[in-house]
Amino acid sequence: MGRLNSAAELEKLREEILTKRDPNKPCVTICSGTGCHAYGSEKVAEAFVENIKSNGLQDKVDIRRTGCHGFCEKGTLVVIFPEEICYLRVRPDDIPEIVSTTLIEKKVVDRLLYEDDDGQKITHESEIPFYKHQSRMIFGNNRLIDPTNIEDYIALGGYAALSKALSEMTPEGVMEEVKEANLRGRGGGGFPAGVKWETTRDAPGERKYVIVNADEGDPGAYMDRSLLEGNPHSVLEGLIIGAYAIGSHEGYIYVRQEYPLAVENLNIALKQARELGLLGSDILGSGFNFDVKIHRGAGAFVSGESSALMTAIEGRVGEPRPKYIRTAVSGVWDRPSNLNNVETWANVPLIINNGARWFADIGTEGSKGTKIFSLVGKVKNTGLVEVPMGMTLREVIYDIGGGIPGGKKFKAVQTGGPSGGVIPEKFLDLPVDFDELTKVGSMMGSGGMIVMDEDTCMVDVARYFINFLAGESCGKCVPCREGIHQMLKVLNRICEGESGDEDLELLDEIPEVLGDAALCALGQTACNPVLSTLRYFRDEYEAHIMKRQCPAGVCKALINYYIEPEKCQACMICLRNCPVGAIDGGKNLIHTIDQEKCTKCGTCLEVCPTRFGAVIVLSGVEVPEPVPQGTEVARG
Amino acid sequence: MKPILIVEDEAIMRESLQDWLTDGGYEVESASQGDEALKAIEEQDFGLLILDLRLPGTDGLEVLRKARERQPKLNGIIITAYPSVQTAVDAMKEGVIDYLPKPFDLNELEKLISQTLGPVQVEIRPKTVTCVIDDREVEVPQGTTILEAARNIGIDIPTLCHHEKLAPYGACRLCMVEIIRGQRSRLVTSCVYLVEDGLVVKTESEPVVKIRKMLLELMWARAPGVQPLVNYGMRYGISGLETQGNSVLGGASKTKFEVEPTFCILCGLCVRYCAEVKGKNAIGFIGRGTEREVVFFPEIASKECANCKECFAICPTGALPSHYALVETDASK
Ligand SMILES: Cc1cc2nc3c(=O)[nH]c(=O)nc-3n(C[C@H](O)[C@H](O)[C@H](O)COP(=O)(O)O)c2cc1C
Ligand code: SF4
Ligand code: SF4
Ligand code: SF4
Ligand code: FES
Ligand code: FES
């Protein structure tokens, strides 16, 4: 492949690739994203290579290793084209059967298919409920692309948007399109991308930077990682188009240190794009020059904050800077620097290809397009899901996520990462978009969505996030460093049953000062988990403080395990399993727990057979006197 | 106009040249070594290089030669404290615009630069701006912080991480003030925020006082009883500090937060002073969040600190001697 010197040459290359490819030729795609990799996708891929070869099929079947499909918990995922047969939880041992049954006999291996709640098998990926209700504009190509092969991206229309922008549009035209599409930032605040671009474009100074924020520090979030690993060219294409609109010739991709595969695939992508003249000087013969460097971040949560990120690019310690001038005007080396999130950039080619109107038709009044969420917690199907803005929480959690497992009740969903908030059941029909989430005291953030069931203690949830932030605050400014520390101590006291009335006061006072006084947004928003749980679950805080009760039965210091004498069937299972020998009992005897010895590990509750249900959690009440030792079980 | 790159290993020379030219309206970058310069040249185009002839590693002429492989028409001016006919001839052969023996006349240098790069277009006449601080009107040059403007008229805004010789840092947040523009009010750090025309500033409004009080209470838990916290603590009436007149009473009431002393409020004055004023970096931060602490780096500190100790005097808590004692005991082992 040589350098492409015009839009026409790119189109020619695309045609060549497409004619070379037979759409009916079977292709085995093996997800090799980080999740599936952990399940051994590499072994699966090797087994396919071997088996296909030993069956003499190497010329008749293509094999492709792709990025993440989103349904990671069911990995390793294998999809066989053109039929789009989707196999889940594939292990290397399954390969001979897949090869002989599916590739040779053209039949489906039933046992590897998705099975729905009614026991129905589903053959095609797109019919699985988890996928069926999504609209995967950004993420969907992951399953069709080998991220290390630029031809795969070009075959699907890749770089057509760049070529259109460079050959048919002015920089102002590109900017107007993005503004009209009302693309809002996917990395946190939802700031309109076009407006930010314009600020950087208009800021004085010849040298300007465009930057991809791939720091992704939210615990449990991995959408940016999956995009970069699985479809790096889509992000790169967006970035080059943005650079053209802004008038920038240098870019940075700031990638978290912990994402080596993303860095590897990006490096390959940059090299291949340079070879084709899609990056570097005189891109596609247009006279526009632009190149990109990868900067590997140190991996702290706060490094994703814009001023910290830019300080780190300058080669200094990545701490937030106390500046009242926007980084879009004065960022890296005090030059105008436009920073956008990975997913934001990946939206840009779509907008240029399909037009602002098309894009603005998807979503809600104020939030356009789709958003990728990382759906985790107490839901049946977890993974990465991409839905149009405005889909309700209920649809995401029940239709895509399959609802709450174990017959439990939904309690709340936490969105927006550590600075976000919880949303209670009464808002399940809330359309998910930037403004609606903010209205109920949470936020979009980068798209974390943690589902919580009735067994979740909201004070404990707040404590979890505050504890996370206590470790992630950079420690530079007093309100954040010391305020979060004190907040954590308050929450610890509450969960440990040592709180007093002044703690309720501190719960109100500390957030107020932190919100106003912290240097960067980490500290300013750090109390959101507390504020939002207080807003909807204040009664739980009060129960902890006033009644020493944890209504969800989570906080160890406030609960006791107790065996209900009339329910105990003397099966002796708990007695055998208690790690500290705290259970007294014997054959035919009612079992009792010695509260002095019990370490509250919860094993007895777990092992007591459900049909007996004799072990219960007590909180905020006196533990009843145990029945005298040696009392026999009354069998009716 | 493309920027100028100064390549000079002597810090004082480099910085004063950079300041002089920056004040003159040029965009200036600097490097202390040849390799660093070449890296900068990789990253951007320059209009002119000002090179010290003698540099550690690659010498000035060599840097120019290599730079021209990337940017063939790049201009260079050589400065040197060791002029000799031979080096001058070499330099001219290399096509430098001029060869200046140190010390040289800065005005002469600037003339040379403007001949090469053309006249500076930016306006450098200082403008002034006017604002109202606590109901008093103040006029100050553009680029003045609210803190400086307030101090000019004798309004005392409390600070713990500010120092005239150091770049604003914004860590203690004690200097926060309320600013009002039209209907909107905002809280900002006065040691960073630059005065704008028409700005209205309240330095002791209710939200400001509330923040300061809690910040002091938070710091008190780390450094109870240190003088600046006693002074400010009295001014804002923090819990745990009972006073009569100007003296602190013993057996103080309950502090707002449990005292867990470290005797360092992490204002960073020591770290920044050592880096920015002394250029030594003998002391620095390690750790994040509440784990963050100040440490002397023994390799550097054991050489530099004994004769300096200038940061000891600016530490608001007096924590440094005990930190430093560790370096000394280690060294004596
Ligand atoms: C503590 C903190 C961490 C952040 N981490 C990230 C991150 O990992 N990725 C990201 O894209 N934005 C992150 N942000 C938001 C960025 O500061 C910035 O707003 C964003 O990258 C802008 O891009 P967007 O407009 O496309 O969302 C973080 C912000 C804060 C305050
Ligand atoms: S708010 Fe927290 S993270 Fe931000 S600068 Fe202050 S200490 Fe660092
Ligand atoms: S909770 Fe754990 S320690 Fe306590 S009785 Fe049950 S099994 Fe034993
Ligand atoms: S040792 Fe003193 S000067 Fe240094 S950061 Fe701590 S309090 Fe500030
Ligand atoms: S890594 Fe395979 S589906 Fe996510
Ligand atoms: S003096 Fe302004 S933040 Fe410390």
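Contact here means heavy atoms within 4.5 Å. Keep in mind that the model is predicted.

**Exercise 1.** Find how many residues of chain A and chain B are in contact, and which elements of chain A take part.

*Solution.* Start with the count: 37 residues of chain A are in contact with 38 residues of chain B. Next, the area buried between the two chains is about 3,100 Å², with carbon and sulfur atoms giving 53%. The rule also finds nine salt bridges across this interface. On the side of chain A that touches chain B, the elements giving two or more residues are α18 (458-472), α19 (478-495) and α20 (501-517). The residues of that side divide into 15 nonpolar, six polar and 16 charged.

**Exercise 2.** Work out where the partners of the salt bridge between E260(B) and K489(A) lie, and whether each is buried or partly exposed.

*Solution.* E260(B) sits in the loop between β12 (247-248) and α9 (269-277) of chain B, while K489(A) belongs to helix α19 of chain A. Buried means under 20% relative accessible area. K489(A), at 13%, is therefore buried, whereas E260(B), at 25%, is partly exposed.

**Exercise 3.** Explain why the salt bridge between R288(B) and E472(A) joins two chains.

*Solution.* R288(B) lies in the loop between β13 (283-286) and β14 (293-296) of chain B, and E472(A) lies in helix α18 of chain A, so the pair joins two chains. Their closest N and O atoms are 3.4 Å apart.

Technical notes. Residues numbered from 1 in each chain as written. Chains lettered and ligands numbered in written order. Predicted model: local features only at pLDDT ≥ 70, side-chain atom pairs only at ≥ 80, totals over all residues. Heavy atoms only, no water. Buried area = accessible area lost by both parts, 1.4 Å probe. Salt bridge = Lys/Arg side-chain N within 4 Å of Asp/Glu carboxyl O. Helix = DSSP H or I, 4+ residues; strand = E, 2+ residues; numbered from the N terminus. Nonpolar A, V, L, I, M, F, W, Y, C, P; charged D, E, K, R; others polar. Buried < 20%, exposed > 50% of the residue type's maximum accessible area, 1.4 Å probe, protein only.
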